[in-house]
Amino acid sequence: MHKILVEGGRSLNGKVRVSGAKNSAVALLPAAILADSKVIIEGLPQISDVGILGDLLEEIGGTVSWKGQTIHIDPSKMVDMPLPNGKVKKLRASYYFMGAMLGRFKQAAIGLPGGCHLGPRPIDQHIKGFEALGARVTNEQGALYLRADELRGARIYLDVVSVGATINIMLAAVKAKGKTIIENAAKEPEIIDVATLLTSMGAKIKGAGTDVIRIEGCENLSGCTHTIIPDRIEAGTYTIMAAAQGEKVLIDNVIPQHLESLLAKLREMGVTIEEGDEQLLVLPSKRLKSVDIKTLVHPGFPTDLQQPFTSLLTKAEGTGLVTDTIYQARFKHIDELRRMNAQIKVEGGSAIVSGPVQLEGAKVKASDLRAGAALIVAGLMADGITEITGIEHIDRGYEQITEKLTNLGAKIWREEMSKDEVEQFQNS
Ligand code: EPU
């Protein structure tokens with residue numbers, strides 16, 4: 001087991017290249033199940049969630065090979081093998097095997113998903129969609145069993161705007177008979193990316209990226225080549241890091257429109273950011289002013305950047321109110337930031353951050369992926385050394401984060417944990 005150490009106070013300078021989008025990748029790989037010949041996906045991030053999904057595709061009979069960041073998936077010999085246990089429990093996105101296997105085989109048995117603990121994360125809207133398409137869904141000992149004689153297109157209104165449910169229903173509906181309309185659909189860029197892959201495979205999808213998606217089912221989908229979009233959350237995390245400690249940082253391979261809400265808030269704080277076609281240049285700011293943020297569905301402020309942004313607010317002058325309307329309990333990073341001298345109170349479902357304070361290095365624990373990113377942001381700003389455990393969460397979503405930050409001039413490295421530290425970590 002490893003930990004990450006950060007010696008804070010260094011300025012960041014230079015260029016960082018953003019990887020392919022994790023939350024697209026984890027849907028694009030299962031989507032390949034729907035094709036009858038080879039699917040090639042380029043530009044994938046080398047992160048543990050993607051590796052696990054590749055293994056799961058092999059478990060059901062797919063032939064998977066990697067050439068750098070490109071995966072070749074031959075789904076032709078896949079079978080409808082149940083996956084009630086094992087690796088499916090390691091990550092949230094294994095739920096996309098439900099939609100994809102239901103679409104292809106008209107049945108699936110998938111263990112209920114794992115992933116970051118951000119409070120309750122129901123999948124009732126996914127199930128509502130599968131049932132509307134004609135599937136019978138039962139929960140048997142912690143696994144969902146989906147069975148359909150045939151899938152028929154349907155009009156499905158999502159009661160909650162959900163990225164996962166929108167994609168999962170799309171995966172099943174592309175192979176249903178007739179027309180499916182998803183109303184109150186999520187509009188995140190990752191949904192457009194998955195729809196683009198499915199369209200290249202021959203699916204007929206209109207409206208991805210709006211709140212009404214229309215799908216005309218097809219009998220067969222074929223292989224294709226697809227290039228993934230850049231990771232807006234990784235790009236946003238480096239933009240926040242640059243705002244915190246940057247002299248002049250160029251964020252490369254980014255779609256600035258995907259980050260408009262973050263960029264607006266950073267500018268409101270006093271950060272200067274220049275936008276290119278695929279790049280952001282973050283310039284140093286003398287003084288940061290506090291702002292309030294409220295996370296919302298896209299194009300609102302993304303919940304996945306709330307935690308790293310909270311760390312940045314500790315450096316800003318004034319009081320900032322942070323409210324997460326997507327995951328009301330996504331505040332596990334706050335106790336750890338307090339260990340580092342942050343002045344933050346959680347009251348009535350919001351975090352109130354007072355600043356500026358000089359953060360101090362401390363031993364802290366990442367409880368989930370973006371909490372881990374928040375602690376790295378804090379570590380970069382802190383006096384002294386910050387030791388972060390629980391870094392397997394960080395490695396689920398950030399490709400080569402220590403290397404990328406080292407290239408920008410940060411002092412950050414990994415160390416093997418001692419036996420005592422591992423024991424302490426496991427008991428904490
Ligand atoms: N929800 C329901 N019922 C459902 C589905 C969702 O009530 O059937 C609720 C959730 O509890 C939540 C809200 O709806 O309050 C939005 O959840 P959504 O389904 O959109 O989230 P998700 O698809 O499970 C994805 C990302 C998350 C990201 C959210 C919100 C993946 C694999 N995960 O999760 O990413 O926070 O959308 O944008 O795509 C991360 O990358 O750190 C991460 C947690």
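Reader: Against which helices and strands do the buried residues of α4 pack?
Author: This is a predicted model, in which local features need pLDDT of at least 70 and side-chain atom pairs count only at pLDDT 80 or more, whereas totals for chains, interfaces and linings use all residues. Residues are numbered from 1 along each chain as its sequence is written, and side-chain values use heavy atoms, with hydrogens and water left out. Helices (H or I, at least four residues) and strands (E, at least two) are DSSP runs numbered from the N terminus, buried means under 20% relative accessible area, exposed over 50% and partly exposed in between, with a 1.4 Å probe and protein chains only, and contact means heavy atoms within 4.5 Å. On these terms, the buried residues of α4 pack against α3 (96-105), β7 (136-140), β8 (143-147), β9 (155-157) and α5 (163-173).

Reader: Which residues of α4 are buried, and what arc do they cover around the axis?
Author: In helix α4, which spans residues 124-132, the buried residues are Gln-125, His-126, Gly-129 and Phe-130. They lie on the same side of α4, because the arc that they cover around the axis, taken from the directions from the helix axis to the C-beta atoms, is only 140°.

Reader: Which residue of β8 is the bridge partner of Gln-107?
Author: Two strands count as paired if DSSP finds at least two bridges between them, and β8 pairs in the antiparallel sense over 5 bridges with β7, where Asn-139 has Leu-144 as its partner in β8. Strand β6 (residues 107-111) also pairs with β8 in the antiparallel sense over 5 bridges. In that pairing, the partner of Gln-107 is Arg-147.

Reader: Is Asn-253 buried or exposed?
Author: Asn-253 belongs to the loop between β14 (246-252) and α8 (260-269), and its phi is positive, about 65°, although it is not a glycine. At 16% relative accessibility, Asn-253 counts as buried.

Reader: What is omega for the cis peptide bond from Gly-355 to Pro-356?
Author: Most peptide bonds are trans. A cis bond joins His-298 and Pro-299, with omega about 10°, and Pro-299 lies in the loop between β17 (293-295) and α9 (303-313). Pro-356 is found in the loop between β20 (350-355) and β21, and its cis bond from Gly-355 has an omega near 0°.

Reader: Which side chain makes a polar contact with that of His-226?
Author: His-226 is found in strand β13 (residues 224-227) and is buried, with a relative accessible area of 5%. Leaving aside residues up to four places away in sequence, His-226 touches Leu-28, Ile-40, Ile-41, Glu-42, Asp-193, Thr-196 and Leu-197. A polar contact is a pair of N or O atoms within 3.5 Å; within protein, one must be able to donate a hydrogen and the other to accept it, and residues adjacent in sequence count only if both atoms are side-chain atoms. At 2.9 Å, the side chain in polar contact with that of His-226 is Asp-193.

Reader: How far is a nitrogen atom of the ligand from an N or O atom in the side chain of Asp-124?
Author: Of the 25 residues around the ligand (a heavy atom within 4 Å), Gln-125, Ser-162, Asp-304, Ile-326 and Arg-370 come nearest. An oxygen atom of the ligand is 2.6 Å from a polar backbone atom of Ile-326. For the ligand nitrogen and the side chain of Asp-124, the distance is 2.8 Å.

Reader: In what order do the strands of the sheet containing β1 run?
Author: The sheet is open and its pairing is mixed, with edge strands β21 (363-365) and β23 (411-416) that each pair on one side only. The order of its 4 strands is β21-β22-β1-β23.

Reader: Which residue of β22 stands opposite Lys-365?
Author: Strand β22 (residues 385-389) runs parallel to β21, and 3 bridges join the two. Opposite Lys-365 stands Thr-389.
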